[in-house]
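Visitor: I am new to this structure. Please show it to me, and then I will ask about the words used for it.

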Amino acid sequence: MAAKFDLNDDTVVVIVGSGAGGGTLGTQLALKGINTVILEAGKRHEIEDFVNDEWASFAQLAWTDMRTTSGSWRVARDFPNLPAWIVKAVGGSTVHWAGASLRFQPHEFKAATTYGRIKGTNLADWPISSDEMAPWYAMAEDRMGVTRTNGIPGLPGNNNYKVLEAGAKKVGYKEVSTGRMAINSQARDDRGACQQIGFCFQGCKSGAKWSTLYAEIPKGEATGKLEVRPESHVVRIEHDKSGKVTGVVYHDAAGTIRRQKARLVCVAGNSIESPRLLLNSESSKFPDGLANSSGQVGKNYMRHMTGSVYGVFDRPVKMWRGTTMAGIVQDEAGNDPKRGFVGGYELETLSLGLPFMAAFLDPGAWGREFATALDAYANMAGMWIVGEDMPQEKNGVTLDPKAKDKYGMPVARVHFDDHPNDVAMRNHAYSRGRAIYEAVGATRTFPTTPYPSTHNLGTNRMSAKPSDGVVNKWGQSHDIKNLFVSDGSQFTTGGAENPTLTIVALALRQANYIAEQLGQKTI
Amino acid sequence: MRTMPPNDGGGPPASLDRRGFLAGAAALAVSGTALIHAREAWGLEVKALKPDTMATLIAMARDIYPHDRLADRFYAVAVKSFDDKAAADPKMKAMIENGIADLDGRARKAFGTPYRTVGWEAQRVTLLRQIEGGPLFKAVRPALVVSLYNQKEAWPIFGYEGESAGHGGYISRGFDDLTWL
Ligand SMILES: Cc1cc2nc3c(=O)[nH]c(=O)nc-3n(C[C@H](O)[C@H](O)[C@H](O)COP(=O)(O)OP(=O)(O)OC[C@H]3O[C@@H](n4cnc5c(N)ncnc54)[C@H](O)[C@@H]3O)c2cc1C
Ligand code: SF4
C-alpha cells in the first residue's frame, strides 16, 4: 500500500531523514493527503532484526560514516570520529532512544529573557511560546502514548529505579517517579506493554517503545501517500534561478546517483547532517550554503549538559534488568541561579550493559582502579544527567577541509567547548548524584564523563529575525520559502529536557502549517 | 595462585584448542609455534608473531584490565586477533614485535627480567605507564576494551545476563527483585 512516486514528480514533498522529526512529519503529511517521499540514508531493519547485543546492535544501527571533531570536549580525544551516537536506519534515532518524553518548562522558551546576558553565549528566545506549543505537546503525547499523560499509568520501577528513588527521597527530593515515557505501560495503539527487556537502546524487541519505524511510518504508508526509500543518501539540495528549491540529489543502495524532484524539501537528518547538507548544497547563488544568509547554519551546536553517575553498593542491583530510563528526579530542573548557574537539569536512570560500560565508564582508563569498578558491575546503579547547555556560536558543524565521505562530499567536523555554565551545572549534578547514591549506602561512586552526543540540537536554529537564525517559527527557512528544517537542529535553545517530544510536537505543528500553505498555494 | 571461578563457563572457548596436558607445568609455556596453557588445558597456534611475543601480549592484557576471576584464556582470546593482524600486515607485525621487545628491554633494565616474569603487577604497570603513549599500547588497549568485555563466556563472571528478549524480558524474571533497600 506504500506509495511509489516518480523521480520526476515535482508535486511531492521530499523529506530527508526518517527519525523523530522526518518520520513524524512524513506520516502526518500523508495522513493529511499530501504526497510525500522520505529519503533515508540507512537501511530498514524491522523489530525482528534487532539484537540484544550492544556492539552487534551498534554495528547494525549506528551512524558510523566518517565525522571529525575539534574542541576541548573529551569526546574529541576519546572518540575523535564518533562525536555522536545516533542512528542511520529507517526510524532514525527513535530506534535507539530510551523514550523519556518531557515538555519544556515555559521559561525555557524564553532563555535569553530569563537568563539575561551571559558572556560567550548566543542565547535567544524561541519565536514560539509555551502556550502556543501546549496543544502540539498534547497531540504528541497522545500520539506517542506517553505515560502519566492521557490517563496512561506510569511504568513500574525496576531495580535501578528503586535505588534512585530511595536515595533521592533520603536527600530530600520530592519529584521522583518513573517519569513520562513513550513506552507502553499497557497495550495501546496496537502495540503491547513493556516486557522489561532492558535493551531499549538496541531497538525495542516488543515494540512497546514508540519509534517512527513501526509506530508512525506504517500508518503513513497505509494511506498510499507516503513512500519511504531506504539506503537513499541525499548529498545535495538543488534550486532554480529564483532560488526556490527544486529537488534533491541522492545516492541509492547501488550507489547510483538519482535526482528526486520536489515541490518542497524538508531537512531532518539530525543536527549534524542537516547543516552539513545545507552547507554542501552551496551554489553560485548561495555560496555559503542554502538558507545561510544569517551565517548561522551549523552554529550554536548544543548537546545538552550531560554526564553520568554510577554507584557501587555492597549488594546486587542488576541495573540492566528492565526499562533503561524509566526513572527521574526533577527537583533540580528549574532555573535557580543561586546554585551558581542558570538553567536546570534532570537526573534519569540509566544502565549500560557490560560491553558498553567498559567502553564508556571512563574512556581510555585501565589498570586496577578501572577493572575493580567493572568487577562490581552487578552491584552498580546508574543515572544520567541531562541539563540545559548554553548555545555558543563557536560550537558547531563545519565542513571538514580534508575528509570526504564515500560519495566525495566533505564530512561534518563537530566542534565543541563546554561553557563555564555547563561545567558549573555538571559539577553540581555530579555532587547531587553522588549524594543520592551515598544516602543509600554506595561504597564507591563514579562521576562519568559525557558520552558521544545522543542529543544533538540547535545547528539551524529558529529565530524571529532572519539575521539571528536559519528558520522561522514554523521551521521554514528565512531565505527559501519551500525549504524547511524539521528536526532537532531547529531548537533555539535546548532546555533541560530530553528533546524528542518537542521535536515530534514541532513536526506535527509544521505538518499543519505546510498543509495550510500548500492548500493556499503560498508555497 | 589464581583460582578458577566456579561459574566460568566450562572449557576453553571454541577459538582455542583443547589439549590434554600434565598438571603442574608452568602456566603458559612455549612449544614450537604454539602456546600451551597446561592448567587451563588449551593451546594456541601462533601464526605470525613469535610465541613469546604472544605470551607477553596476554600478560600485558591482564595487566591492562586485571580481573582476578578471569582465566588466562579470556585474555588469550582477546588478543589473538593481533596475530591475525600481524599475519596480514608486515608493518603491524613489526610494530608489535618492536613494541614487545621494547617492553622487555625496559623490564630487564628496571627489574632484571623480561616483562612476563617481573614479580609484581605494580612493577609491570610502571612499565606500561612508560609506553602508554606509544604505538603498541595505543593499538592494544582500545581493541582489548571491546574484545575482552564482549566475550559472552565472560559475562556470567561479572553477573551480566546478556540477551533477554528470547527469555521474555525480565517482566517475570526479577526486574524489580531488589529487596535490600
Ligand atoms: C541511545 C539514545 C537514547 C536516547 N534517549 C532519548 C530519550 O529518552 N528521550 C529523548 O527525548 N531523546 C532521546 N534520544 C534522542 C533522540 O533519539 C533524538 O533527539 C531524536 O531521534 C532526533 O530526531 P531527529 O529527527 O533530529 O534525528 P534522527 O532521529 O536521528 O533521524 C535522522 C535520520 O536522518 C537520516 N539522515 C541523515 N542524513 C541523511 C542524508 N543526507 N540523507 C538521507 N538520510 C539522512 C539518518 O540516517 C537518520 O535516520 C536518545 C538518543 C540516543 C542515541
Ligand atoms: S524495556 Fe520495555 S521499552 Fe525497553 S526494550 Fe524492553 S520492552 Fe522495549
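Predicted model: local features only at pLDDT ≥ 70, side-chain atom pairs only at ≥ 80, totals over all residues.

Guide: Residues are numbered from 1 along each chain as its sequence is written, chains are lettered from A and ligands numbered from 1 in the order in which they are written, and side-chain values use heavy atoms, with hydrogens and water left out.

Visitor: Why are α2(B) and α3(B) called oblique to each other?

Guide: Helix α2 (residues 72-88) and helix α3 (residues 90-111), both of chain B, pack at an angle of about 130°. Angles under 35 degrees count as roughly parallel, over 145 as roughly antiparallel, 65 to 115 as roughly perpendicular and the rest as oblique. The pair α2(B) and α3(B) is therefore oblique. Helices here are DSSP runs (H or I, at least four residues), numbered from the N terminus. Axes are lines fitted to C-alpha atoms over the stretch in contact, and angles run from 0 to 180 degrees between N-to-C directions.

Visitor: Which residues of α2(B) and α3(B) meet?

Guide: B:F82, B:K85, B:A86 and B:A88 of α2(B) are in contact with B:P90, B:M92, B:K93 and B:I96 of α3(B); contact means heavy atoms within 4.5 Å. This contact has six nonpolar, no polar and two charged residues. Ala, Val, Leu, Ile, Met, Phe, Trp, Tyr, Cys and Pro count as nonpolar, Asp, Glu, Lys and Arg as charged, and the others, Gly among them, as polar.

Visitor: What makes α6(A) and α11(A) roughly perpendicular?

Guide: Helix α6 (residues 159-170) and helix α11 (residues 420-439) of chain A pack at an angle of about 100°, with their axes 7 Å apart. That angle is therefore classed as roughly perpendicular. On the α6(A) side the contact includes A:V163 and A:L164, and on the α11(A) side A:I436 and A:Y437 are among the residues. By class, the contact of α6(A) with α11(A) has six nonpolar, two polar and one charged.

Visitor: How do you know that A:R321 and B:E161 form a salt bridge?

Guide: A salt bridge is a side-chain nitrogen of Lys or Arg within 4 Å of a carboxyl oxygen of Asp or Glu. For A:R321 and B:E161 the N to O distance is 2.7 Å, so the pair meets the definition.

Visitor: What is the area buried between chain A and chain B?

Guide: About 3,500 Å² is buried, of which carbon and sulfur atoms give 60%. Buried area is the accessible area (1.4 Å probe) that two parts lose on being put together, summed over both. A:R321, A:W366 and A:R368 supply 23% of the area that chain A buries against chain B, more than any other three residues. In this interface, 42 residues of chain A are in contact with 40 residues of chain B.

Note on methods. Helix = DSSP H or I, 4+ residues; strand = E, 2+ residues; numbered from the N terminus.
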